[in-house]
Structure formats: structure tokens, C-alpha cells
Amino acid sequence: MKFFIDTANLDHIKEANDLGILDGVTTNPSLMAKEGISGKENIFRHYKKICDLVDGDVSAEVIATDLEGILREGKELVEIADNIVVKVPMIKDGIKAICEFSNLGIKTNCTLVFSAGQAILAAKAGASYLSPFIGRIDDSNWDGMQLIKDIFEIYSMQGYDTEILAASVRSSLHIVEAARAGADVVTCPLDAILGLLKHPLTDIGLAKFLEDHKKAAVK
Ligand code: E4P
């Protein structure tokens, strides 16, 4: 399973990248706004900085919701760097745009996915990645991870190439569950990635090893 970081924060991206396990980055308009980035020029400049930091795919989301606008924005976004993936919302014109991008060899990430039916449409359109939002589904008292399992089963059975990118991850446990459910990629905040490192028995065990080493050195 590939690891993407879900942020537009350059320090967080650097920290995850320095771990050596980072395969890419996802952003969205809310994450860009959180970093105080606004205006087309600044937004494009920020995407460039992210693309220069990581080798893997960087999802950059379109703002347009009509076919012509989505296609225009997507073509501008892919000019920023070779590793840009155009993030397109799961709407009618979004599906049409994904078909066109796919024919042009432009990689896409179909976002705001909340059902298996939407997942089938995106795969048929030729999306490179599909982003089911597991945390937001959990927030509304449904089972986000069950959706990943359902999509995994359908994609495996039907032989679809679209990669399942578990998004809206809220915890380290979500990452483990997404791996068990068959996600190809998980995108998560830095805290959730770093949380995977933690286990109290590791801390206790390491403290004991270091203490025993020190005692042996004194003898
Ligand atoms: C990433 O591609 C999604 O936009 C993101 O994971 C959404 O996360 P949220 O539900 O925490 O806003």
C-alpha cells in the first residue's frame, strides 16, 4: 500500500518525506486555504514547491464544476510539474472530464466519493485514483471502511485498474484498517502517519535495553 500525505503544509510534507516512506501528496481547496494560500498564481507556485519536494504523485484539485472549466484548469495544472494528478469531483461533468483526461494520458484522482456506484462510474471513466472519504462517512454514522472493502471486491472482480485511495483518514487505526480492506493507497495527516510508530512496549523495551547496556559498561 502506498502512503500519501494529506496536507498542503510544506513542513509536514518534508517531515513525512524524510521518513523515506512517502509516495505522494493529496491536497484540496480547504487544505490550501488552511495554509493561507489564495489567488491562482500563489496556488500554482505552492503546488510547484510541493512537486519539487516529493517524487511521487501530487493531487491538485480543480475549482471549476463545468466540463470546459475542469478541462481548462486540469490542463493548466499538469503544466506545473510532471507529477501533478488532476483531482476532479464526482459530478456529471467531472466524469466526462475524467474520460477526456484519460484519453489524453493525464492522470486523475476522482474525489468526494461516498458510494460503490460512484466508484464504478469513476473506474469506467478511467480515473487513475478513486478517493472514498472514510472519515466523513464515519462522521455520518455509516461505515467508511466497509465502503473500501466493497469497492475492493468490485474492482478485483471486474478487473478495474483504478487505484483505491482511502481518504479522509482520521487516525492511525484507519491506516491499518485501510490496508486490511485492500486500499492501494492511503492519504493521511502527518499525525496519523507518526502515530503508527507508537507502542508503549517499544518505549519500555528500549529504555530497558539502554539501561542494561549502561550497567554492563560500568562493570
Ligand atoms: C484528500 O484527498 C481529501 O480531500 C481529504 O482526505 C479530505 O479529508 P477530510 O474529510 O478530513 O477533510
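Colleague: How far does a polar side-chain atom of Lys 87 lie from an oxygen atom of the ligand?
Modeller: This is a predicted model: local features need pLDDT of at least 70, side-chain atom pairs count only at pLDDT 80 or more, and totals for chains, interfaces and linings use all residues. Residues are numbered from 1 along each chain as its sequence is written, and side-chain values use heavy atoms, leaving out hydrogens and water. A polar contact here is a pair of N or O atoms within 3.5 Å. For Lys 87 the distance is 2.6 Å.

Colleague: How many charged residues are in the shell around the ligand?
Modeller: The residues around the ligand, with a heavy atom within 4 Å of it, include Asp 6, Lys 87, Arg 136 and Arg 170. Asp, Glu, Lys and Arg count as charged. Besides 2 nonpolar and 3 polar residues, the shell has charged ones numbering 4.

Colleague: How many disulfides are there?
Modeller: A disulfide is a pair of cysteine sulfur atoms within 2.5 Å. Cys 51 is in none, its nearest cysteine sulfur being 19 Å away in Cys 188. Cys 99 has its closest cysteine sulfur 11 Å away, in Cys 110, so that is too far for a bond. The count is 0.

Colleague: Is Cys 51 buried or exposed?
Modeller: Buried means under 20% relative accessible area, exposed over 50%, and partly exposed in between (1.4 Å probe, protein chains only). Cys 99, at 31%, is partly exposed. Cys 51 is at 5%, so it counts as buried.

Key:
Polar contact = N/O pair within 3.5 Å; in protein donor to acceptor, adjacent residues only side chain to side chain.
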